[in-house]
Amino acid sequence: MATETPPPSKAEHQLPSTEEFEQVQESAEFAELRRAHRSFAFPLTVAFIVWYLLYVLLCNYAGDFMDTKVVGNINIALVLGLAQFLTTFLIAWWYARYSAAKLDPKGEAIKSRMEGGA
């Protein structure tokens, strides 16, 4: 038999009002949280899209270069294609570390203040 905690009743936990959400959204602390997120996410997104489009363009227009053998039957196209996967996982890992160190504490502070009314 599973023992689950029942959801909090309305008496125990009251949601912030629309005005409180708007006040937090206009606060300097929330603006800093958004800036910190955007300063990380936007440049990396643009960089990865450029890297991906470069790979596609090389595959389409630089066939001889991409067909260059690196080792045995492994060519540059395969190496760069696998590098796409590697960079995807590296960016996800980097963002998780960045978020845990920089974004989560700020977000948690805002959340606890709103939920606690402090």
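**Figure 1. An aromatic cluster.** Ring pairs tie Phe40, Trp94, Tyr95 and Tyr98 together into a cluster. The model shown here is a predicted one. Across the structure there are 3 aromatic pairs. One of them brings together phenylalanine 40 and tryptophan 94, edge-to-face, with 5.1 Å centre to centre and 80° between the planes. This pair links distant parts of the chain, since phenylalanine 40 is in helix α2 and tryptophan 94 is in helix α4, 54 residues apart. Tryptophan 94 has a relative accessible area of 46%, so tryptophan 94 is partly exposed.

**Figure 2. Phenylalanine 40 with another partner, tyrosine 95.** Phenylalanine 40 also forms an aromatic pair with tyrosine 95, and this one is tilted: 5.6 Å centre to centre, 45° between the planes. Here again the pair links distant parts of the chain, with phenylalanine 40 in helix α2 and tyrosine 95 in helix α4, 55 residues apart. Tyrosine 95 counts as partly exposed because its relative accessibility is 30%.

**Figure 3. The whole protein, for orientation.** Let's step back for a moment. The protein has 4 helices and 2 strands, and along the sequence they follow the pattern α-α-α-β-β-α. Of the 118 residues, 18% are buried. Take the contacts between residues at least 6 apart in sequence: 64% of these join residues at least 24 apart. The accessible surface comes to about 9,300 Å², and carbon and sulfur atoms account for 64% of that.

Figure 4. Helix α2 runs over residues 28-61, which makes 34 residues. From its first C-alpha to its last, α2 reaches 48 Å, close to the 50 Å expected at 1.5 Å a residue. Where does α2 bend? Look at arginine 38, where the bend is about 25°. The buried residues in α2 include Leu33, Ala36, Phe40, Ala41, Leu44 and Tyr55. What do the buried residues of α2 pack against? Their partners are α3 (63-66) and α4 (76-116).

Figure 5. With 41 residues at 1.5 Å a residue, α4 should span 60 Å, and its end C-alpha atoms are 56 Å apart, which agrees. The helix bends by about 45° at serine 99. Buried residues of α4 are Ile76, Ala77, Leu80, Gly81, Gln84, Tyr98, Ser99, Leu103, Ile110 and Met114. Which elements do they pack against? The list is α1 (18-26), α2, α3, β1 (69-71) and β2.

**Figure 6. Serine 99, at the bend.** Zoom in on serine 99, a residue of helix α4 and the place where α4 bends by about 45°. Serine 99 counts as buried because its relative accessibility is 11%, and buried means under 20%. Which residues does serine 99 contact, leaving aside its neighbours within four places in sequence? They are Asp104 and Pro105.

**Figure 7. Methionine 66 and its surroundings.** Methionine 66 sits in helix α3. Its relative accessibility is 3%, so methionine 66 counts as buried. Not counting residues up to four places away in sequence, methionine 66 touches Tyr55, Leu58, Cys59, Asn75, Ile76, Ala77 and Leu80. Tyr55 is itself among the buried residues of α2.

**Figure 8. Asparagine 75 in strand β2.** Asparagine 75 belongs to strand β2, residues 74-75. Is asparagine 75 buried or exposed? Asparagine 75 is buried, because its relative accessible area is 16% and the cut-off for buried is under 20%. What does its side chain reach? The side chain of asparagine 75 comes to the backbone nitrogen of leucine 78, at 2.9 Å. Not counting residues up to four places away in sequence, asparagine 75 touches Met66, Asp67, Thr68, Lys69 and Val70.

Terms used:
Residues are numbered from 1 along each chain as its sequence is written. This is a predicted model: local features need pLDDT of at least 70, side-chain atom pairs count only at pLDDT 80 or more; totals for chains, interfaces and linings use all residues. Side-chain values use heavy atoms; hydrogens and water are left out. The expected span of a helix is 1.5 Å times one less than its number of residues. The bend at a residue is the angle between axes fitted to the seven residues ending there and the seven starting there. Buried means under 20% relative accessible area, exposed over 50%, partly exposed in between (1.4 Å probe, protein chains only). Contact means heavy atoms within 4.5 Å. Rings of Phe, Tyr and Trp (its six-membered ring) pair if their centres lie within 6.5 Å; planes under 30 degrees apart count as stacked, over 60 as edge-to-face and the rest as tilted. Accessible areas come from the Shrake-Rupley method with a 1.4 Å probe; for residues, only the protein chains shown count as cover. A polar contact is a pair of N or O atoms within 3.5 Å; within protein, one must be able to donate a hydrogen and the other to accept it, and residues adjacent in sequence count only if both atoms are side-chain atoms.
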